[in-house]
Amino acid sequence: MLRLNFVNRPKASRSPQRLSFLTSAADLNGCPKDRIPEIALVGRSNAGKSTLINGLAQARIAQVSSTPGKTRLLNFYTYPTYRLVDMPGYGFAKRSGVEQADWTAMVERYLAERENLVGLLLIMDIRRDWTEDEDTILRWLSPRELPSAVIATKADKLTRNDMLNRKRLIQKQSSNEAVLVTSSLNKTGYQEVEDFVFQSWIEDLG
Ligand code: GDP
C-alpha cells in the first residue's frame, strides 16, 4: 500500500497562512514521518522552480540558483494542510555520472515510494519543448496512478499570443490538459497554481 490513509488528518481548509520552509532531507529516510499530504515539484535546472516557490510564498524562502543543479536535497515547504517538496533540478550537463545516479536514485525513490505523495508538479520554462526526461519522470510515478500538472514558467518572455500557443503545444506534447502558466516578473499565475492544487488534489482527501 503506497498511499497513506489521510482520514485522520485535520480537515483541509483554505488558510490565509502562507507557504514557509519546513526542513530538508538527503533521502527518503530523512523525510518527515507524519500524514501530511505532499506535492512534488520536479523540473530541469533553471526552469524556475525556486522562483515559483518564492512566488507562492510571496517571500524569498527558496534560493534562486546561481549554480544550477547544486542543491541535491529534498526541501520541504509547508502550508497548514499540505506540503510542497522541492526535488533537485535535473538535466544539468556538468553533473558527473555518480551525481546523476544519486539524483536518479533519490527522485525515483521518492516518487515511487513516498506514501505522503498525492500529486506532481512538473516545472518547465514555457519556451522549452517536452522531452524524454519529462516522460522518464512521469514513468516513475505512473505505477501509482497519481495525478500531475505542468507549470510553464517565464510567460513574461513571450507575447500573449505566443504564450497561448506554447501553452497549447505543451498540453499536446505532455498529453496533459493541466498546464498552468506563471510569470515572476508580472507576478501572475501563482493564485491559479494554489487553487488548482488545493481544489484538485487536497480538498477531497479524507
Ligand atoms: P530553478 O533552478 O528551477 O530553481 O530556477 P530558478 O528559480 O533559480 O530560476 C532560474 C532563472 O530564471 C533565474 O535567473 C530566475 O530569475 C529566472 N526566472 C524564473 N522564473 C522566471 C519568470 O517567471 N520570469 C522571468 N523573466 N525569469 C524567471
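Biologist: Which residues in α5 do Thr51, Leu52, Gly55 and Leu56 in α1 meet?

Modeller: Please note that this is a predicted model. The two helices concerned are α1, residues 49–57, and α5, residues 190–202, whose axes come within 9 Å. On the α1 side the contact uses Thr51, Leu52, Gly55 and Leu56, and their partners in α5 are Tyr190, Val193 and Glu194.

Biologist: How is α1 oriented relative to α5?

Modeller: Two packed helices are described by the angle between their axes and the distance between the axes. Here the axes of α1 and α5 cross at roughly 85 degrees. Angles of 65 to 115 degrees count as roughly perpendicular. The orientation of α1 to α5 is therefore roughly perpendicular.

Biologist: How many nonpolar residues does the contact of α1 with α5 have?

Modeller: The residues that meet there include Leu52 and Leu56 of α1 together with Val193 of α5. Divided by class, the contact of α1 with α5 has 1 charged residue, 2 polar residues and, as the number requested, 4 nonpolar residues.

Biologist: How do the elements of the chain run from the N terminus on?

Modeller: The chain contains 5 helices and 7 strands. Read from the N terminus on, their order is β-β-α-β-β-α-β-α-β-α-β-α.

Biologist: With which residues is Tyr110 in contact, leaving aside its neighbours within four places in sequence?

Modeller: Tyr110 is one of the residues with the most contacts inside the largest nonpolar core, and its number falls within the range of α2, 97–113. With its neighbours within four places set aside, the partners of Tyr110 are Leu28, Cys31, Glu38, Ala40, Leu74, Val85, Met87, Leu117 and Arg144.

Biologist: How many residues does the second, separate core have?

Modeller: Leu4, Leu52, Tyr79 and Leu84 are among the members of this second core. Leu52 is also one of the α1 residues that meet α5. The size of the second core is 29 residues.

Biologist: Is α2 roughly parallel or oblique to α3?

Modeller: The axes of α2 and α3 come within 8 Å and cross at roughly 45 degrees. Their contact is made by Trp103, Thr104, Val107, Glu108, Leu111 and Ala112 of α2 with Ile137, Trp140 and Leu141 of α3. By class these residues divide into 7 nonpolar, 1 polar and 1 charged. Because only angles under 35 degrees count as roughly parallel, the angle given makes α2 oblique to α3.

Biologist: Which backbone nitrogen does the side chain of Asn54 reach?

Modeller: Asn54 has its place in helix α1 and, at 10% relative accessibility, counts as buried. Beyond residues up to four places away in sequence, Asn54 touches Ala59, Arg60, Ile61, Ala62 and Val64. At 2.8 Å, the side chain of Asn54 reaches the backbone nitrogen of Ile61.

Biologist: Is Glu145 buried or exposed?

Modeller: Most residues other than glycine have a negative phi, and most peptide bonds are trans. Glu145, in the loop between α3 and β6, has a positive phi near 55 degrees. Since its relative accessibility is 71%, Glu145 counts as exposed.

Biologist: Where does Ser175 lie?

Modeller: Ser175 is not a glycine, although its phi is positive, at about 50 degrees. With a relative accessible area of 70%, Ser175 is exposed. Its place is the loop between α4 and β7.

Biologist: How far apart in space are Phe198 and Thr81, C-alpha to C-alpha?

Modeller: Phe198 lies in helix α5 and counts as buried at 6% relative accessibility. Phe198 and Thr81 are 117 residues apart in sequence, and in space their C-alpha separation is 9.3 Å.

Technical notes
Residues are numbered from 1 along each chain as its sequence is written. This is a predicted model: local features need pLDDT of at least 70, side-chain atom pairs count only at pLDDT 80 or more; totals for chains, interfaces and linings use all residues. Side-chain values use heavy atoms; hydrogens and water are left out. A nonpolar core is a set of buried Ala, Val, Leu, Ile, Met, Phe, Trp, Tyr and Cys residues joined through side-chain atoms within 4.5 Å. Buried means under 20% relative accessible area, exposed over 50%, partly exposed in between (1.4 Å probe, protein chains only). Helices (H or I, at least four residues) and strands (E, at least two) are DSSP runs, numbered from the N terminus. Contact means heavy atoms within 4.5 Å. Axes are lines fitted to C-alpha atoms, for helices over the stretch in contact, and angles run from 0 to 180 degrees between N-to-C directions. Angles under 35 degrees count as roughly parallel, over 145 as roughly antiparallel, 65 to 115 as roughly perpendicular and the rest as oblique. Ala, Val, Leu, Ile, Met, Phe, Trp, Tyr, Cys and Pro count as nonpolar, Asp, Glu, Lys and Arg as charged, and the others, Gly among them, as polar. A polar contact is a pair of N or O atoms within 3.5 Å; within protein, one must be able to donate a hydrogen and the other to accept it, and residues adjacent in sequence count only if both atoms are side-chain atoms.
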